[in-house]
4 protein chains.
Amino acid sequence: MIVVLKPNISKKDEAAVLKEIKKLGYKPHIMRGVARTVIGAIGDELTHQSLESLPNSFPKAIESVTPIQKRFKLVSREAHPANSTVNVRGNLIGGKKFQVMAGPCSVESEKQLMTTAHAVKKAGATILRGGAFKPRTSPYEFQGLGLKGLKLLDKARRETGLGIITELLSENHADMIAEFTDIIQIGARNAQNFQLLIAAAKTGKPVLLKRGLSMKIEEWLLAGEYVLSNDNPNLMFCERGIRTFETYTRNTLDLSTIPIVKKESHAPIVIDPSQGAGRADLVIAMCKGAVAMGADALLIEVHPNPAEAWSDGVQQVSLELFAKLMHELKPFIAAAGRE
Amino acid sequence: MIVVLKPNISKKDEAAVLKEIKKLGYKPHIMRGVARTVIGAIGDELTHQSLESLPNSFPKAIESVTPIQKRFKLVSREAHPANSTVNVRGNLIGGKKFQVMAGPCSVESEKQLMTTAHAVKKAGATILRGGAFKPRTSPYEFQGLGLKGLKLLDKARRETGLGIITELLSENHADMIAEFTDIIQIGARNAQNFQLLIAAAKTGKPVLLKRGLSMKIEEWLLAGEYVLSNDNPNLMFCERGIRTFETYTRNTLDLSTIPIVKKESHAPIVIDPSQGAGRADLVIAMCKGAVAMGADALLIEVHPNPAEAWSDGVQQVSLELFAKLMHELKPFIAAAGRE
Amino acid sequence: MIVVLKPNISKKDEAAVLKEIKKLGYKPHIMRGVARTVIGAIGDELTHQSLESLPNSFPKAIESVTPIQKRFKLVSREAHPANSTVNVRGNLIGGKKFQVMAGPCSVESEKQLMTTAHAVKKAGATILRGGAFKPRTSPYEFQGLGLKGLKLLDKARRETGLGIITELLSENHADMIAEFTDIIQIGARNAQNFQLLIAAAKTGKPVLLKRGLSMKIEEWLLAGEYVLSNDNPNLMFCERGIRTFETYTRNTLDLSTIPIVKKESHAPIVIDPSQGAGRADLVIAMCKGAVAMGADALLIEVHPNPAEAWSDGVQQVSLELFAKLMHELKPFIAAAGRE
Amino acid sequence: MIVVLKPNISKKDEAAVLKEIKKLGYKPHIMRGVARTVIGAIGDELTHQSLESLPNSFPKAIESVTPIQKRFKLVSREAHPANSTVNVRGNLIGGKKFQVMAGPCSVESEKQLMTTAHAVKKAGATILRGGAFKPRTSPYEFQGLGLKGLKLLDKARRETGLGIITELLSENHADMIAEFTDIIQIGARNAQNFQLLIAAAKTGKPVLLKRGLSMKIEEWLLAGEYVLSNDNPNLMFCERGIRTFETYTRNTLDLSTIPIVKKESHAPIVIDPSQGAGRADLVIAMCKGAVAMGADALLIEVHPNPAEAWSDGVQQVSLELFAKLMHELKPFIAAAGRE
């Protein structure tokens with residue numbers, strides 16, 4: 001920790017600060033600069049108590065306290081220099097092959113799901129997405145088919161061989177969801193629901209962790225740390241747009257997370273352009289950008305008839321548009337050195 | 001819903017749009033304006049499917065779709081014109097008397113809690129806050145004393161007569177927390193964890209719902225709707241700062257929520273200046289502002305020794321500062337017409 | 001500056017970093033910590049070149065660089081421990097007496113301005129606001145009456161004795177505006193138009209500097225530094241709301257700026273609740289909060305007939321509402337120890 | 001405009017609203033819906049006064065007013081369905097050929113500029129960037145070489161044949177800048193400095209308009225409208241990152257602006273990844289994304305020795321890295337169907 005003292009503090013105040021730093025287990029190291037004195041407090045910041053509250057107790061003596069260690073460990077590139085990969089029914093996410101996960105926002109009916117599953121498989125997707133339990137802003141909106149939806153996803157898996165990804169909303173559903181899915185999705189609204197993260201991790205299934213609407217990258221990595229530190233190495237990060245002042249799009253898709261997650265962590269990074277833009281007409285361009293920037297996979301909402309979708313129709317692409325998208329992505333996948 | 005058509009669309013496209021609007025259960029009403037044609041789609045927006053996905057299916061014909069009904073019902077001022085009040089061990093929140101909830105961020109020890117409880121009671125608080133289960137950004141940070149913390153809160157209640165407020169983190173803890181607390185707090189990170197909101201509502205205990213870090217006011221009111229629609233009328237909203245670009249403060253306390261919640265809803269509004277500022281030195285000024293603007297109560301973090309607090313020491317005020325704060329608030333409480 | 005090195009860097013890399021630090025004029029001071037080595041680079045950060053680009057040249061050796069000095073000088077409380085005051089025709093802003101500046105968003109006509117001027121004076125305002133040159137988002141919107149508007153403001157001043165505040169939009173208008181006004185307002189969109197700040201400062205007139213829509217507090221203080229360092233001591237800061245994700249209000253009025261500006265600077269702080277809320281129905285509550293939190297003055301938009309205002313009618317209060325507001329503010333002004 | 005009335009308002013209130021709508025020049029059209037009555041106010045929204053202030057005058061009768069027309073005209077795709085192109089010394093921006101503008105943040109010396117100019121030309125850039133007048137957050141930072149910098153840019157142009165882009169900071173410099181540059185850059189801090197936009201437009205030189213730090217897309221397009229409506233058709237938009245809560249990057253580069261500007265406008269869109277990321281190590285990935293998503297050009301900061309740059313060294317790439325970047329972009333430019 002770096003403790004910056006105020007200019008012209010008394011020797012007595014300085015001594016009191018030094019005493020408190022030692023009491024909290026750090027070894028102080030004094031540097032007298034031109035304008036002010038700085039104390040380096042030497043000690044492991046992850047195991048010692050933080051000094052960040054010191055200015056509160058010494059308001060006249062301390063100007064600021066800054067940590068210098070990174071707070072994430074297992075998730076960091078330092079801990080695991082090579083890329084890690086997640087194996088989903090034989091498809092590696094994070095490897096040489098680019099993966100596409102696609103399907104409806106919500107599972108609505110057998111016909112809707114099967115039509116979509118066959119179409120996205122034909123177009124090249126390897127994993128089928130579909131919500132059985134839906135987190136909805138209003139209690140009066142469609143909340144998902146629940147167990148019936150999970151069974152339909154299972155049926156689609158058996159018919160098509162596609163892997164399945166679906167969202168977990170409740171700790172109490174963790175075992176049930178794990179029985180039916182290949183990847184557990186943690187949604188943006190639950191990205192710092194740590195009990196849910198622990199419950200998901202403990203199922204042993206791969207976990208795809210969406211970034212919260214206003215989650216800083218460090219917080220996102222630390223949420224991932226909850227998965228890895230609960231003995232589940234199969235973690236993927238998924239950027240789906242952050243909340244900003246802009247209202248043209250529903251969210252602002254932050255594609256810079258691709259090189260940043262690759263730099264800071266070994267875990268794969270997946271991009272969800274459907275939530276990110278909240279508008280089907282922008283999805284193709286965003287997918288191209290994500291591929292070019294080095295994403296490992298895409299998560300795309302596809303619906304046979306978006307206008308009549310029971311949730312988020314505005315951001316779902318039609319089967320035809322999805323096929324076109326997959327075709328147009330090919331040269332960018334090649335340019336990115338992927339298959 | 002208001003459906004705005006693009007300029008110069010064909011009669012055929014317009015007919016197709018009208019057909020789809022009728023199919024989804026609305027009665028279309030056409031208005032031909034100067035620059036474009038607008039269709040009013042008449043029907044109950046809360047029970048019918050939204051038309052907001054229409055532009056996705058008719059990209060060449062439709063420019064935009066705007067809902068006109070408010071999405072919240074039970075929580076709205078229209079549904080319940082008078083202020084509602086929440087009774088906590090005889091203290092009414094939302095009534096004439098201004099209430100103060102105070103106590104440590106986390107329950108750390110019997111001594112810490114009892115010292116604080118007696119001090120805040122003496123200074124005029126009526127409700128004791130204290131976290132037993134703590135949501136922490138990193139898995140390596142102090143996670144709370146758990147059940148032991150709840151028992152200490154119970155002991156403090158018996159000794160001082162103060163009501164208790166503590167946070168619920170897991171659906172599985174709802175019954176246990178309800179046994180020990182007078183108010184269940186839903187934290188900012190769980191403000192759209194709808195399963196948790198339902199579990200909290202079903203205990204029958206009063207629920208204090210913090211605003212999420214990037215929650216729009218409409219979304220916050222709708223999250224409150226999850227409580228009321230699960231047969232629990234004892235709802236309070238609590239503003240605790242939103243996430244913005246500013247880094248001087250930890251969050252930006254949005255005091256405009258006080259008149260807005262009062263205008264849109266009947267539920268009490270509580271202000272948490274500790275989380276809001278994230279800095280003890282700003283807490284007094286923010287409390288004064290909250291009182292003047294018409295808040296019903298304050299939720300303040302107080303610790304006997306902030307520099308050595310196990311969590312968020314930087315934003316907790318000392319016992320002395322809290323007593324000073326309570327004293328300085330008095331003329332503002334009077335000016336606001338409160339007791 | 002604090003230079004944090006990466007773990008396990010070579011002696012050679014460390015030596016190269018030290019050499020560069022010395023070359024840029026700083027004296028390096030090494031601290032070897034538990035997890036990494038930190039270099040304190042001792043030297044005046046305001047006169048030396050910043051080291052913040054070092055990680056760019058030493059990407060494998062340096063993790064981060066953090067400045068420790070505050071970047072603002074003349075505007076800081078350290079430079080001038082007492083509050084400074086601005087004298088506007090005998091009314092002190094920043095002193096014991098609370099001041100109110102009020103008037104229409106735009107000067108529209110003699111009748112509109114005179115009616116408003118007499119009404120706000122009667123209600124207790126001491127300064128008249130009114131835009132003669134208006135910055136408008138669209139080139140097709142009303143751009144202000146220009147010189148004719150300035151002359152009307154001058155006439156209102158002569159008739160009522162109120163001081164005048166009006167906005168400066170162009171360097172080329174600085175002398176003309178200074179001839180007619182008592183305070184030059186720099187609007188939010190021009191808050192980092194440094195040429196305009198310098199031109200305003202050089203007129204010698206008091207300058208009211210609004211906070212930019214997404215301006216951090218440090219940047220705002222530094223923009224104020226442009227005024228003070230151009231030999232104009234009569235600076236006031238004005239918070240008028242920042243841009244956030246919230247759409248219920250036009251902006252989010254950040255009242256925490258009151259205690260923060262008071263802490264960091266000696267200059268008066270003025271609150272503009274009209275722009276801040278963008279809704280007349282929230283203005284009264286916000287004014288009360290601003291007074292209670294220690295603001296020195298308010299800047300309020302008032303119009304005889306808001307529905308027919310030529311700009312921003314939605315946020316202007318009527319003459320009746322303004323009189324009510326002034327009446328209701330009295331007990332809060334007293335509670336805040338002001339007159 | 002769509003005027004939504006409150007439920008259960010009296011006939012008298014409704015009549016008063018209708019009368020005011022007519023008085024302001026619109027023809028009202030009433031639609032009685034299930035929950036509330038909606039009035040379509042028919043009339044040209046760009047030439048009539050806005051009705052958005054009506055709720056202020058009729059607070060008990062009107063719930064909301066929503067405009068339906070787009071506010072921008074000349075800049076819109078509707079006004080000019082084909083892409084427009086800007087010709088800079090024979091290089092078309094917005095055409096088939098992808099263009100790269102590169103050079104130092106600030107012009108510092110003849111040696112620095114010439115070295116960079118020759119290197120970026122060799123690597124494939126066609127336009128040289130370099131700041132002669134610099135907008136700096138603090139008055140104590142390097143403010144640019146001024147006229148001397150412009151002359152160096154001119155010399156570099158003569159030596160290399162590269163076009164020149166440099167920033168305009170002051171209306172008073174418009175003629176001087178226009179004499180030396182091929183493109184006038186309007187920086188993010190001046191993006192709503194309308195007087196500067198008009199001055200730039202009137203020089204007749206192509207104008208590159210950066211997006212303001214917190215500018216909504218509609219506001220940006222309207223700022224562009226100031227250029228086109230002042231008889232200068234040579235407008236380019238440049239996305240350079242917006243201000244969000246994230247602190248890992250200096251700004252959040254919003255690449256979704258590429259498909260959005262292409263959809264709404266005919267003007268070329270340029271991406272500035274240097275400002276956008278504020279970190280040289282992220283620039284390559286962002287350039288690839290921008291190319292893939294359909295940008296027309298890139299604006300990249302390049303410096304022979306970033307660690308010793310006089311401004312923004314942290315985001316400038318070295319000559320070597322720039323050459324590598326240009327090489328790696330090639331397959332993406334081809335995949336995007338550009339040359």
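Mentor: Gladly. Let us begin with a term: a salt bridge is a side-chain nitrogen of Lys or Arg within 4 Å of a carboxyl oxygen of Asp or Glu. By that rule, 4 salt bridges are counted between chain B and chain C. Keep in mind that this is a predicted model.

Trainee: Why is the pair B:Asp281 and C:Lys263 called a salt bridge?

Mentor: The closest N and O atoms of B:Asp281 and C:Lys263 are 2.1 Å apart. The cut-off is 4 Å, so the pair qualifies.

Trainee: What makes A:Arg36 and C:Glu78 a salt bridge?

Mentor: Their closest N and O atoms are 3.9 Å apart. That value is within 4 Å, so this pair counts too. The pair crosses between chains: A:Arg36 sits in the loop between β2 and β3 of chain A, and C:Glu78 in the loop between β4 and β5 of chain C. Over all chains, the rule gives 104 salt bridges.

Trainee: Which parts of the model back up the confidence in chain A?

Mentor: The mean pLDDT of chain A is 94, and 100% of its residues reach 70 or more. For the model, the scores are ipTM 0.94 and pTM 0.95.

Trainee: How do you know that chain B touches chain C?

Mentor: Contact requires heavy atoms within 4.5 Å. With that cut-off, 35 residues of chain B are in contact with 35 residues of chain C, so the two chains touch. Together they bury about 2,900 Å², 71% of it on carbon and sulfur atoms. On the chain B side, B:Phe245, B:Tyr248 and B:Phe332 lose the most area to chain C, together 21% of what that side buries.

Trainee: How many residue pairs are in polar contact between chain B and chain C, and which helix gives the most to the chain B side?

Mentor: The count is 8 residue pairs in polar contact, with both residues at pLDDT 80 or more. Helices α8, α10 and α11 of chain B each supply at least two residues of the side that touches chain C. Among these, α10(B) gives the most, with 8 residues.

Trainee: What is found where chain D meets chain C?

Mentor: There, 53 residues of chain D are in contact with 53 residues of chain C. The two chains bury about 4,400 Å² between them, 45% of it on carbon and sulfur atoms. In chain D, the residues losing the most area to chain C are D:Thr137, D:Tyr140 and D:Arg243, together 15% of what that side buries.

Trainee: Why does C:Arg71 with D:Glu141 count as a salt bridge?

Mentor: The closest N and O atoms of C:Arg71 and D:Glu141 are 2.6 Å apart, and the limit is 4 Å, so the pair meets the rule. Across the interface of chain D and chain C, 6 salt bridges are found, along with 34 residue pairs in polar contact. The largest share of the chain D side, 5 residues, comes from α7(D).

Trainee: What makes β12 and β13 of chain C a pair?

Mentor: Pairing needs at least two bridges, and these strands have 3, so they pair, in the parallel sense. C:Glu239 stands opposite C:Ile271 in β13(C). Both strands belong to a closed barrel of 8 strands in chain C, running from β7 to β14. From one strand to the next, the twist averages 25 degrees.

Conventions:
Residues numbered from 1 in each chain as written. Chains lettered and ligands numbered in written order. Heavy atoms only, no water. pLDDT = per-residue confidence, 0-100. Helix = DSSP H or I, 4+ residues; strand = E, 2+ residues; numbered from the N terminus. Axes fitted to C-alpha atoms, helices over the stretch in contact; angles between N-to-C directions. Buried area = accessible area lost by both parts, 1.4 Å probe. Polar contact = N/O pair within 3.5 Å; in protein donor to acceptor, adjacent residues only side chain to side chain.
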